[in-house]
Every structure is written in structure tokens, then in C-alpha cells.
Amino acid sequence: MSQKETNQKKNAYSNRFYYPQDEAIEKPFNWKQMTRLLEYIKPYSKTLLPAAFGAVLVNMIVRLLVPILIGQFVIDRAIINQDYQLLVYLIIFVVALYFINYLANHFRIKTVNVLGQRTIHDLRRQLFTHVQYLSHDFFDKRSAGSILVRILNDVNSLQELFTNGIINILMDAFMLIAIIVILFSLSPQLALAVLVILPLMFYISTKLRRNIRRTWQNVRLIRSRLNSHLNESLQGMRITQSFAQENENAAYFEGVNQENYERERIAMKKSAYFGPIIEMSNAIGTVILIAYGSVLIINQSMEIGTFVTFAFFLGMFWEPISRLGQIYNQLLVAMASSERIFEFLDERPTVKEAETPVILDDMKGQITFDKVKFSYDDERIALHEISIEVKAGQTIALVGHTGSGKSTIANLISRFYDPTDGSVIIDGHNLRDLSLESLREHISVVLQDTFIPDYSQSHHKPLRNCIKSIKNNQSIFH
Ligand SMILES: Nc1ncnc2c1ncn2[C@@H]1O[C@H](COP(=O)(O)OP(=O)(O)OP(=O)(O)O)[C@@H](O)[C@H]1O
Ligand SMILES: [Mg+2]
């Protein structure tokens, strides 16, 4: 195989296991979607949410108070005036503050996580329940894997937003404003001088960090494709070997493997820039603080205590900026995930329950197909005007070529799909008028697929009996 051919194979491979809709990592911020997401927190807006905010508030007050106590009181009053009694009081006060902070933090972490887990739990339950009621055509269009990813991964990726994101966004915005106000009230000149690093910090925490996170997400995507390919290869090993496709398969594998290496390399390279740049921006701030701050102290336009408090607050400055950047990124990820989740939630069953469904207590089993036409995909026709009459109690067998529509007839009797034209009638009732639950309660279907869920503990008697008869090999298969 020439190098060119090998490369073509590699590229061809990269397109397999690739689902564009499922791979969108971020989407622009969208208020409508955000309000819909916030609905999930609403049930806790009178209990967990205010409790978490209370704890956050205590934590913020303590964090803002301690540097002021150290600079303005410990240094400028107690130390400079050698007032030991005041010093002891201050130490006791700081210890008490830290203890309260410890309690508040403990409470906050617990509450915020319970809040996050509850919302995720509610969302996942709603999604699963909803998906279960969707009609068969929904599952025909999607692979089980892609549904799984939405119920597990997409819901998980909202978790971070629900746990820390929403609480932190308010806390950090408040903290940032408070720190800026305090810095300016301590020394407007020094605050102005030091805040030249602000744009750099914003740039790092949003753009750069986002860029790095994307490269790591790219790594994760390629890893999942590597897994999918490996899974397929191992399961299909007999086929690969019996058609002597080992080389072909190895070339495909090498395509993804190489791509994996490339993406990891890029991610590592970008990460290597990030940490040092953060340190640099902190360093610039510190150098300005030392240089200009010392001049102000020597000129006696600033007290030493004020300088210390200022240094403390400057040290605290990075955290809220960095976290706000992080939350912003989280929001974009949440937009992509929630869009996929809401797409499922907005999906309606195509087989609809009648407005006033007829409930059958008993079913005799007279089945009529009246000029039934059916197509799965509106392209190929599976049933062309079929008319059948089955009497109650009659046993019939449908015999025909593979793909001739035998299973399709069984699917229509259970109303997994509605006919495109014509009608299916059981005991004189059009299936569209019957309650779905009562219809399916009276029919046991043994599917061609060998997959049988473990329903041995089920409370549903017909289902249990059906499983039992399958196990005893007494049933009718189609
Ligand atoms: N879920 C589906 N989506 C799209 N087309 C389908 C689906 N299931 C079946 N078909 C198509 O509908 C036609 C009838 O299929 P059906 O499964 O009813 O055949 P069958 O008679 O049961 O075949 P077999 O003997 O292999 O079980 C076939 O052309 C098949 O490819
Ligand atoms: Mg069949």
C-alpha cells in the first residue's frame, strides 16, 4: 500500500464513529435555554438554595474581614502602639471568625452538592422516563450508544453548573466588586497602578483557559473513538480474520492512534504555557505593589498596615476572576449539553394515545388488517395494502422471505408503529382508539432479538408468565 493510500485510509477512518451533533462541545449562551435549566433548581429555591447562599455570605464576610483586621488593627494599632491587650482580643476574634468560617464552609459544600445532585437526579429521571415512552421510530433513528451518552454524559456535564456554578457566579461577582472597592478605598493610586494586570487576567481566565480546555476535550473525543473502534475490532475479530482484513484494520487503527497522539501532544504543549502565564500576571502585580507601594510608604502617603491589607487583597484578586472565567466556559458547555437533552425531552411519541382511550378488560383476539400500508422511513415500503383476517383463538403462521414484512405485521399488532394507511382492528376496535397499556397488556410478543431483560421479579403477571414460557420454550416466535 502506498503512503498516499495509507493516509487516505487513515482519514477515512477518522470519519467513522463521528456524530457531529453529539460532539458539539460548546454552544453560544442562550437565555431561553438557561431559564429552562434554572427551572430544575426552582423546587429547592425555598430550602437548599437560600441555605447555600447564607453559608456563602458568611464565608465571604470572613474572608474580607481578616485582611482588614490584620492590616488596620493588628499592625497599625496593636503592634505600632504595643497594645498587647488589643492584640489578644484580636487573636481571639480571628480564631472565632475562622471557626465560624469552618462551619459555614462545611455547610456550604454539603448543601451545594446536595442541591446539584438533586437537580441532576430529577433531570435524569425525567429524561429516562420520557425516553421510555417514545415510539420505536425514535430508537430506529439513533444508536443505543448515542442515547446512553445523553442520559449519562450530557446530564453529568450539567452537574458542575448546578453544584458550584450558579452559586459561585454570584459569589465571585460580589467578591470581585468588593475587592476592587476595598483596594480603591485603601489607596486609589496603588489600586490604579496594580489593576493594569486586570485585562491580562481576564484574557487568561477566559480565552486561554478555554482554548486549553478545548484541546483536552478533543483528546477525550478521540479517546472515545479509539474505544469504539477497539470494541468493534475485538468483537468482530472472527470476521476480520476470516476475510483476512488484519492489515486493513491495522491501518484504520493506526489512523485514530496517530490522531490521538497528535491531539495529546497539542494539549500538553498548550497546557505548558498556561501555568507560567498565570504566575507571570501575579508576578507583575506583585512587582508593581512592591515598587510603588514602597514609594508611597517612604513618602508617608501610606501606612504599613494598609500596605499589608492591600497585599492580602491583591492575592485574593485572582481567584474570583479565574473562577468567573471557568464558569463562563462551563455555561457554554452546559448550553451544548442542555440543547441535546432538551431535544430529547421535546421529542413526542409518534404513536399517540387516543384522547379518550378504550380500555379492554378482556381480549378475544380477533385481528383484522384492512388495506394496511406501512413504511419505516417513507422511502421503502414494507407493507403494500395488506388485508388479513384472523379469528379469535385461531393459530396462524406467516411464512415468507427475509425482509418480506412478517415482523412488521407483528409490530403493527402491538402498535409499535401506526400504519401509514389503512387500519388494524382488534375485537372490533381500531388500535388507534385503544389504550396503549391495555392493548399491550393483552399481547405477548417474543421478539426475534435474543435480548430478554431480567423481569423475573416483575409484578406484571403476563410478562412474568411470558418470560417463563420463553424459558420453557413454549412460545411462538416471529
Ligand atoms: N426498524 C426498521 N427501520 C427501517 N426499516 C426496517 C426496520 N425494520 C425492518 N425494516 C425493513 O422493513 C422490511 C420488512 O422487514 P421485517 O423485519 O418485517 O421482515 P421479516 O419478514 O420479519 O424478515 P425476517 O424473516 O428476516 O425476520 C425490510 O425491508 C426491512 O429492511
Ligand atoms: Mg422478522
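First, the ground rules. Residues are numbered from 1 along each chain as its sequence is written, and chains are lettered from A and ligands numbered from 1 in the order in which they are written. Because the model is predicted, local features need pLDDT of at least 70 and side-chain atom pairs count only at pLDDT 80 or more, while totals for chains, interfaces and linings use all residues.

Confidence next. pLDDT is the predictor's confidence in each residue, from 0 to 100. The protein averages 85. Of its residues, 88% score at least 70. I will name helices and strands as DSSP runs, numbered from the N terminus: helices are H or I with at least four residues, strands are E with at least two. Among the elements, helix H1, residues 3-14, has the lowest mean pLDDT, at 56. Strand E1, residues 367-374, has the highest, at 95. Residues 474-478 fall below 50. Beyond near neighbours in sequence, that stretch has ten contacts in the model. A contact here means two C-beta atoms, placed from the backbone, within 7 Å.

Now the sheet. In what order do the strands of the open sheet stand? The order is E2-E1-E3-E4, four strands with antiparallel pairing. E2 and E4 are at the edges, each with a single partner strand, so one side of each has no neighbour in the sheet. Two strands count as paired if DSSP finds at least two bridges between them. In general, strands of a sheet pair through backbone hydrogen bonds, either parallel or antiparallel.

Take the pairs one by one. E1 and E2 run antiparallel, joined by five bridges. There, Ile 367 stands opposite Val 390 in E2. E1 and E3 are also antiparallel, over five bridges. Ile 367 stands opposite Ile 426 in E3. Asp 370 stands opposite Ser 423 in E3. Then E3 and E4, residues 429-430, pair antiparallel over two bridges. Ile 426 stands opposite His 429 in E4. E3 and E4 form a hairpin with two residues between them. In that turn, Asp 427 has a positive phi of about 50 degrees.

What packs against the sheet strands? Look at helix H13, residues 406-413, where Thr 408, Ile 409 and Leu 412 are buried. Buried means 20 or more other C-beta atoms within 10 Å of a residue's own; exposed means 12 or fewer; partly exposed is in between; C-beta atoms are placed from the backbone. The three cover an arc of only 100 degrees around the axis, which puts them on the same side of H13. That arc is taken from the directions from the helix axis to the C-beta atoms. The buried residues of H13 pack against E1, E2 (383-390) and E3 (421-426). After H13 comes Arg 415, with a positive phi near 55 degrees.

On to helix H4, residues 48-79. How far apart are its end C-alpha atoms? They are 43 Å apart, which agrees with the 46 Å that 32 residues should span at 1.5 Å a residue. The expected span is 1.5 Å times one less than the number of residues. H4 has a kink of about 35 degrees, centred on Leu 69. The bend at a residue is the angle between axes fitted to the seven residues ending there and the seven starting there. Buried residues of H4 include Leu 48, Val 56, Phe 73 and Ala 78.

Follow the chain onward. Gln 82 sits in the loop between H4 and H5. Its phi is positive, near 50 degrees. Gln 82 counts as exposed, because it has 8 C-beta neighbours inside 10 Å. Val 88 lies in helix H5, residues 84-132. Val 88 is exposed, with 11 other C-beta atoms within 10 Å. The C-alpha atoms of Val 88 and Ala 78 are separated by 9.2 Å.

Last stop: the loop between E1 and E2, which holds Asp 378. Asp 378 has a positive phi of about 65 degrees, although it is not a glycine. Most residues other than glycine have a negative phi. Is Asp 378 buried or exposed? Asp 378 is exposed, with 7 other C-beta atoms within 10 Å.
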